[in-house]
Amino acid sequence: MRVLFVCLGNICRSPSAQGVFEKLLASSELGSDVAVDSAGTADYHVGKPPDRRAIAAASRRGVDISTLSARAVADSDFAEFDLILAADHSNLQELLRRAPADCAAKIRLFMSYAPNDGEEIPDPYYGGDQGFEGVLDMLERASQGLLASLGEYSSATTAS
Ligand code: 4NP
C-alpha cells in the first residue's frame, strides 16, 4: 500500500502529514507494509525543506520532518500510489483534474478519516505558530482514522 499526502506547497501540511503518519505507522503492526510520501500541487518550493515553523511544531511532538524536500505532484504519482490524500478542496479538485481517466488510485480528502473534524486542513502558511499546532492536532486525528482503515483493508485482503 502506498499513500501520498498532497497540499499546495509541500512545505507545511503534507510533509507534516507524512511525518505524523509515519510515526504512527512505525508503532503499529502495519509498519513496513505502507509506504508514505508527500507532494505539492504547486512547484513554488521544490527542493526546499519544510517551513521552519512546521519543522519546529512537529519536533515538539517527536516528529522529525527536517530532512524532507518539497516536490511537485508528478503524472506518475497517479499510477504509483494507491491512495492520494488532499489537504483541502482546492487541492482535491486539482488532483481530480489531473488524474488520468483510468486512474486506479483513490483520491480523497485526508480529513475524511476524521469525520468529526472540518473537511479541510487550513493553510497555516500566512498565519502564526498556533496554526501549525492546530494542523498537527487535525493530522493526528486523521492519521488514527487512516491507520484504522488501512488495518481493516489489510485484514480483509489477508483473510480472503
Ligand atoms: P502548504 O502551505 O500547502 O501546506 O505547504 C503553503 C506553502 C506555501 C504557500 C502556500 C501554502 N505559498 O503560497 O507559497
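Which residue's side chain does a polar contact of 2.8 Å join to the side chain of Asp88? The partner is Asn91, where a polar contact is a pair of N or O atoms within 3.5 Å; within protein, one atom must be able to donate a hydrogen and the other to accept it, and residues adjacent in sequence count only if both atoms are side-chain atoms. Asp88 lies in the loop between β3 (83-86) and α4 (89-98), and Asp88 is buried, with a relative accessible area of 11%.

This is a predicted model, in which local features need pLDDT of at least 70 and side-chain atom pairs count only at pLDDT 80 or more, while totals for chains, interfaces and linings use all residues. Residues are numbered from 1 along each chain as its sequence is written, and side-chain values use heavy atoms, with hydrogens and water left out.

Buried here means under 20% relative accessible area, exposed over 50%, and partly exposed in between, with a 1.4 Å probe and protein chains only. Helices (H or I, at least four residues) and strands (E, at least two) are DSSP runs, numbered from the N terminus.

The ligand sits in the largest pocket. Among the residues around the ligand, with a heavy atom within 4 Å of it, are Cys7, Cys12, Asp123, Tyr125 and Tyr126.

| Residue | Part of the residue | Distance to a ligand oxygen atom |
|---|---|---|
| Leu8 | polar backbone atom | 2.9 Å |
| Ile11 | backbone N or O atom | 3.0 Å |
| His45 | side-chain N or O atom | 2.8 Å |

Taken alone the ligand exposes 360 Å², of which the protein buries 93%, the accessible areas coming from the Shrake-Rupley method with a 1.4 Å probe.

Asn10, also one of the residues around the ligand, lies in the loop between β1 (2-7) and α1. Asn10 has a positive phi of about 60° although it is not a glycine, and at 2% relative accessibility Asn10 counts as buried.

Helix α1 (residues 13-26) has 14 residues, which at 1.5 Å a residue should span 20 Å, and this agrees with its end C-alpha atoms, which are 20 Å apart; the expected span is 1.5 Å times one less than the number of residues. Because 11 of the 14 residues of α1 are buried, the helix is largely enclosed by the rest of the structure. The buried residues include Arg13, Phe21 and Leu25.

Asp43, by contrast, counts as exposed at 56% relative accessibility, and its place is in the loop between β2 (35-40) and α2 (52-60).

Conventions: 1 Å grid on protein atoms, 1.4 Å probe; cavity = no way out; pocket = protein on both sides within 12 Å on 5 of 7 lines; lining within 4 Å. Sits in = over half its atoms within 2 Å of the grid points.
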